[in-house]
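Please look through the model below before reading on.

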Amino acid sequence: MKSITLYLIRHGETYFNVFQAFQGWSDTPLTPTGIQQIQMGATQLSSLPITAVYASDMTRARQTASILCHHNTWPIKGVQVLSALREPFYGSFEGQKMAPIWQPIASQRGCLTYDDLVMQYSVDQAQDWLAHADPSRLTETSRDFWTRFTAGLTRIVTEQPDQAQVLLVSHSAVIRALVARYAPELLDPVTPENGKLTQLTLRQTDDEPLAIHVTAYNQVALVPK
């Protein structure tokens with residue numbers, strides 16, 4: 001059996017974060033505050049024995065990874081960038097304010113907000129309702145997302161040796177979906193903060209699917225395994 005420790009960090013604040021807009025496969029750069037968040041996070045990560053760094057191919061993730069690597073001396077060969085690690089695609093909702101789109105979806109199910117919807121149902125169910133509401137029918141369903149993203153995680157496990165300590169620069173929707181599925185009792189707050197850390201253990205054997213365990217969520221710093 002191979003076991004990998006995966007530290008996920010949410011990218012720094014972006015302009016779409018400030019505007020509270022769906023970002024998905026769209027992109028805005030880090031704000032000055034976002035850059036500062038990651039520079040501070042780099043110091044907090046310095047005690048972790050990182051052996052590899054991955055990031056989604058979105059600019060905000062790659063920019064964050066670049067800052068982290070610049071401020072640390074990990075023995076890595078560069079950042080591995082994978083499109084499979086992106087957060088969900090939001091179709092025609094990309095770039096639009098989130099609250100006006102989530103509110104009617106939530107109210108139809110007796111909820112007031114997206115957070116209420118997630119806590120009463122699930123992140124995956126909310127994503128599927130969002131996909132159904134998209135007039136373009138291009139928003140990813142939860143199944144679309146998990147098929148793609150799990151393939152990305154599997155590639156990390158395949159490429160890295162047993163007991164590797166891997167850093168993944170990720171997105172709020174990805175981290176939220178992981179915690180909601182594998183450790184829902186930890187999902188507080190519903191949306192992880194920019195620059196905060198979440199820790200997973202990934203285990204895989206030759207004849208079993210990838211096993212995912214969440215061991216920490218939305219932390220300032222984590223203790224090395």
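1. Start with Tyr15. This is a predicted model, and in it Tyr15 is partly exposed, with a relative accessible area of 34%. Tyr15 sits in helix α1, which covers residues 15–19. Together with Val18 and Phe19, Tyr15 makes a nonpolar patch on the surface.

2. Now the overall layout. The protein chain contains eight helices and six strands. In sequence order they run β-α-α-β-α-β-α-α-α-α-β-α-β-β.

3. What radius of gyration does the protein chain have? The value is 17 Å. For 225 residues, a compact globule would come out near 17 Å, so the chain agrees with that expectation. The C-alpha trace spans about 50 × 45 × 30 Å along its principal axes.

4. Of the 225 residues in the protein chain, 52% are buried. The chain exposes about 10200 Å². Carbon and sulfur atoms supply 53% of that area. Among contacts with a separation of 6 or more, 74% join residues 24 or more positions apart.

5. On to charge pairs. Side chains of opposite charge can pair when their charged atoms come close. The count here is seven salt bridges. One of them joins Asp27 and Arg60, with the closest N and O atoms 2.8 Å apart. Asp27 lies in the loop between α1 and α2, and Arg60 lies in helix α3 (residues 59–70), so the pair ties together parts that are 33 residues apart in sequence.

6. Are the two partners buried or exposed? Asp27 is partly exposed, at 29% relative accessibility. Arg60 is buried, at 0%. Both also belong to a network of salt bridges that includes Glu87.

7. A second pair deserves a look. Arg181 forms a salt bridge with Asp124, and the closest N and O atoms are again listed at 2.8 Å. Arg181 is in helix α8 (residues 172–182) and Asp124 is in helix α6 (residues 123–133), so this bridge ties together parts 57 residues apart in sequence. Arg181 is partly exposed, at 40% relative accessibility. Asp124 is buried, with a relative accessible area of 17%.

8. Last, Glu193 and Lys196. Their side chains meet in a salt bridge, 3.1 Å from N to O. Glu193 counts as partly exposed, at 37% relative accessibility. Lys196 has 18%. Buried means under 20%, so Lys196 counts as buried.

Conventions. Residues numbered from 1 in each chain as written. Predicted model: local features only at pLDDT ≥ 70, side-chain atom pairs only at ≥ 80, totals over all residues. Heavy atoms only, no water. Patch = residues over 30% accessible without salt bridge, like charges linked within 9 Å, V, L, I, M, F, W, Y side chains within 5 Å. Areas by Shrake-Rupley, 256 points an atom, 1.4 Å probe, with all protein chains shown as cover. Salt bridge = Lys/Arg side-chain N within 4 Å of Asp/Glu carboxyl O. Helix = DSSP H or I, 4+ residues; strand = E, 2+ residues; numbered from the N terminus. Buried < 20%, exposed > 50% of the residue type's maximum accessible area, 1.4 Å probe, protein only. Rg over C-alpha atoms; globule rule 2.2 N^0.38 Å. Contact = heavy atoms within 4.5 Å.
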